[in-house]
Amino acid sequence: MIAYAARRLLSAVPLLFFLSLFVFLLFELMPADAAVISAGENATPEQIEQVRENLGLNEPLWSRYFDWAGGLLHGDLGTSLFSSQSVTSTILERLPVTASLALVSMVLVVLIGLPLGVMAARHPNSWLDRGLSSFASLCMSVPPFVLGLLLAVAFGILLPWFPPTGYTSVADGGISGWLSSLVLPAIAVAAVPIAELARQTRGSFLDVLGADHVRATRAKGMPEGSVVLKHGAKNAAVPIVTVLGLQVNRILGGSVTVEFVFALPGFGALAVRSVVQQDLPMVLGIVAVSAVIVVVVNILTDLSYGLLNPRMRR
Amino acid sequence: MSPLLVANGLHKSYPQGRSLWGRARPAQSVVRDVSFHVDRGETLGIVGETGAGKSTVGRMVLRLVEADSGHVSFDGTDLSTLSPASLRRMRQRMTMIFQDPFNSLDPRMTLRAAVREPLTLHTSLGGAEKEARVRELLERVGMRQDHLDRYPREFSGGQLQRIAIARALAADPDFIVCDEPVAALDLSIQAQVLNLLLDLQQERGLSYLFISHDLSLVRFLAHRVAVMSQGVIVEQGTPEEVFTDPKHPYTRALVSAIPTPRPTRVSRWPAGFPAPGPSRPATERRSR
Amino acid sequence: MTDVLVEPEVASDPLAPVLKIECLNVDFHTIDGWVRVVDDVSLVVPAGTTVRLVGESGSGKTVTSLAAIGLLPPDTTRVTGSIRLAGEELVGASSARLSRRRGRDVAMVFQEPRRSLDPVFTVGYQIAEVLRRHEGLDRRAARSRAVEMLDRVGIADAERRFGAYPHEFSGGMCQRVMLAIALACRPRLLIADEATTALDVTVQKEMLALMNDLQDELGVAILFITHDLSVVAETCDWVNVMYAGQVVESTAVDRLFHEPRHPYTEGLLAAIPDPQRRRLQAIPGVVPAPTSWPTGCRFSPRCDYAREGVCTSGAIPLEPAGGAQLTRCARHAEIELKGVLA
């Protein structure tokens, strides 16, 4: 199992380099000149040339790429073209905000999506099932930032239950302050994943509860709770965990726009700003960190298969 | 006269995938050195238990599965040397009936279309001739004219299997591989299908390769029997020889396991025990 | 448990049947409304005996057995009549009470052994689970009893195989495990629904022998549901033949083959492939769907002996036809039927 995880992690390395190369080339194709941006609006051509020299932009593309990649191997993601701060420290500063948002969203997804799906599967075609299905379609058709705006207006301004914008860390506002600053953005981010998880959970449970071995378990006289929550859940788990793993990517994606809407100083908001400013080192750093998160989540998902399903063990 | 079909030294193995470190696992051989022949108008039964490789043999004979080595010749022609086009022409004369009638017909095709398809594929008949032939074939397998425009879902398993037989007969074949054709059918329906196969053999001089796990069925139907176990034919002979005087230990075990209609133990039914009384109105109790 | 009803007559009478089904009707809720699939079925299974319930697909044999173990889905089925398990009425019992009976007093093994075991739990766990549920054993006691059961059903090296998963077992071994689960709490009745149908003949033979041995040892009564007439005679005492939702013949097993008293039974016997004959006698037509059961005798449209009037009007009762044998044929007194054994 450890060998398998290590192999998967190693296989992520080439992926990371191809991804970064892609971003590198993408920026190369952009008409804007990083030196011009970095030097500021009133810079003279000599100053711009000086900046270009300092940033090493006169070097050929390959040499710049390998410079950057070499730094990456040492955990050095370079320096922002704008703030002149280290990319690593900027990202580390922002990461807790996004991690908090992702955590609260994930908790909502699991606590709401799973039970809804199970209940719908227990009573297929009931009013609850049909209601859930319409609710899921509705959730999926509203983009997170639109929902975020609606929530901010409704529960931040018209009914001022939660702060409409801004982030309060645990250090500043305690757990309750932290949580209340995250409730609205987390709902906005979690809505689509909740719907997807509920849909998958319903489908998986419906399949499993109709299976022969569940009938056999009932024939043993096991109480209904054990049939559904022990035998049913463990059998239905693999596709549900797969979908849950995919929701991590979706939550990260959703947080980009939602953080912007709620003015949360997170990773996503940083990504939006850096792209707008064409801050290449920052964008590359963000891509690298996101890729690592996605790969790690995928590996965890894969490893969980072995735990959940004995047939998938090698 | 030479046999219609000769299979010689058929081998088939399947790769087992790769191990964790990418090394290939040794291939699993499912059929080893299988040889037999089928005469004109004859039924060769292949019996064996799950995993014996009997279905793979049936598919290799028609080249639906390519053999690793060995030859199949049909009416004097080595099938492995045929070009795809001439193989397709040859398939007109050799065809197959599968176990599951529910999956062997396209659910979106009417009966007429299903039987018409092989006619279009293998013959140059005109529209009216084709229609007449479709009607003739379906009538032969006992389907009614008003069934023509119905879809497979409207038929029972036995009816579907008869339709599959009509389809197999469309191109006027000489040889049919029957792979467990009645395993999915109820006893009373099974008899209808078996009788149909017997009658068709008599009328048209068909040859069958009849694959089944059911020994009494093969004994009833086949002129000669081949017993397969773990990819190998362990014994071949007439049903008489194989079933009354089995030579191979495996055949002996198999034959002795055939259930008999004779009671095997002294009845434990309690003497004078009241049998269930004739039906009478009970106090109707509503459940739940 | 206070809601266990044991009637005094049952406790005292050794001949009292373990299972007694009387006038059982089962209706299914479909898009066309309620449809009757089991109609007026009565049968008994005395203690320690094996009773076969024979029928083709759609005859209602599996539905009858599911009703006897209380496994029909309550929202889409309606059960009327009486099912008494060791004297206790199951029709109308609460689902909680039914679930306490299942696995303890009545157990079931199914047709597809590989699909009937939960793939994500070890076989040992699945046996221990039923012991913990019904006998309140702790983990260790349940484990040692489960190993004992594995050993008893003929799984070699039971101690080590306790932790194996179903996919590591062959179909025959899985069916042995199913039997271990079913018999772990020493039920009075075992329902075997096509329990040997999916197995190879050699494995089927071993399985039937094992069931016979376990019956001797535990005194369990067996209701064996099958469509396969060839296994009917194996280790069996009594046979009920079902057709179109009804029991049409009920007889001792030797008489079934010698002297069938219902034309359907005769037809089934004649359809068994027999190497002495070059043609089979097929029953014409198909089994009618529950929505289109004929009036009068349900077999009459396919029956050579059927007469307009006597066979086609009014319900035909199941009545005695010599000794304890019962038949649901209106003309059984007039017609001479052939068996397959002299």
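A: In this predicted model, the second largest pocket is lined by 31 residues, and those nearest its centre are R122(A), R218(A) and E224(A) from chain A together with P73(C) and P74(C) from chain C. The space inside this pocket comes to about 990 Å³. When the lining is sorted by class, 15 of its residues are nonpolar, 8 are polar and 8 are charged. Four helices each supply at least two residues of this lining, namely α5 (87–122), α8 (170–209) and α9 (212–219) of chain A, and α3 (95–101) of chain C.

Chain A has 12 helices and 0 strands, so if you read its elements from the N terminus on, every entry in the series is an α. Along the principal axes, the C-alpha atoms of chain A fill a box of roughly 85 × 55 × 35 Å.

Two of the helices that supply the pocket lining, α5(A) and α8(A), also pack against each other, with axes that come within 5 Å and cross at roughly 35°. The crossing of these two helices is right-handed, and the residues that make the contact of α5(A) with α8(A) divide into 27 nonpolar, 5 polar and 2 charged.

Further along chain A, there is a helix pair with another geometry to follow. Helix α10(A), which covers residues 224–261, packs with helix α11(A), which covers residues 267–277, at an angle of about 90°, and their axes are 7 Å apart. The two helices α10(A) and α11(A) are therefore roughly perpendicular to each other. In this contact, S255(A), V256(A), E259(A) and F260(A) of α10(A) meet F267(A), G268(A), A269(A) and V272(A) of α11(A). By class, the contact of α10(A) with α11(A) has 5 nonpolar, 2 polar and 1 charged residues.

Helix α8(C), residues 171–183, and helix α9(C), residues 201–218, pack at an angle of about 15°, with their axes 11 Å apart. That angle makes α8(C) roughly parallel to α9(C), and α8(C) passes α9(C) in a right-handed crossing. On the side of α8(C), the contact is made by G172(C), Q175(C), R176(C), L179(C) and L183(C), while α9(C) brings V203(C), E206(C), M207(C), L210(C), M211(C), L214(C) and L218(C). Sorted by class, the residues of this contact between α8(C) and α9(C) are 8 nonpolar, 2 polar and 2 charged.

A search of the whole structure finds 9 cavities of 30 Å³ or more, and the largest cavity holds about 80 Å³ of space. The residues that line this largest cavity belong to chain C, and among them are H262(C), P263(C), F299(C), S300(C) and Y305(C), along with the cysteines C297(C), C303(C), C311(C) and C329(C). The lining of the largest cavity has 9 nonpolar, 2 polar and no charged residues, whereas the lining of the second largest pocket has 8 charged residues.

Key:
Residues are numbered from 1 along each chain as its sequence is written. Chains are lettered from A and ligands numbered from 1 in the order in which they are written. This is a predicted model: local features need pLDDT of at least 70, side-chain atom pairs count only at pLDDT 80 or more; totals for chains, interfaces and linings use all residues. Side-chain values use heavy atoms; hydrogens and water are left out. Axes are lines fitted to C-alpha atoms, for helices over the stretch in contact, and angles run from 0 to 180 degrees between N-to-C directions. Angles under 35 degrees count as roughly parallel, over 145 as roughly antiparallel, 65 to 115 as roughly perpendicular and the rest as oblique. A crossing is left-handed if the near helix is turned anticlockwise from the far one by less than a right angle, and right-handed if clockwise. Contact means heavy atoms within 4.5 Å. Ala, Val, Leu, Ile, Met, Phe, Trp, Tyr, Cys and Pro count as nonpolar, Asp, Glu, Lys and Arg as charged, and the others, Gly among them, as polar. On a 1 Å grid over the protein atoms alone, a cavity is a set of points where a 1.4 Å probe fits but cannot get out, and a pocket is an open set with protein on both sides within 12 Å along at least five of seven lines; lining residues have an atom within 4 Å of a point. Grid points are joined across faces, edges and corners, and a volume is the space filled by probe spheres set on the points.
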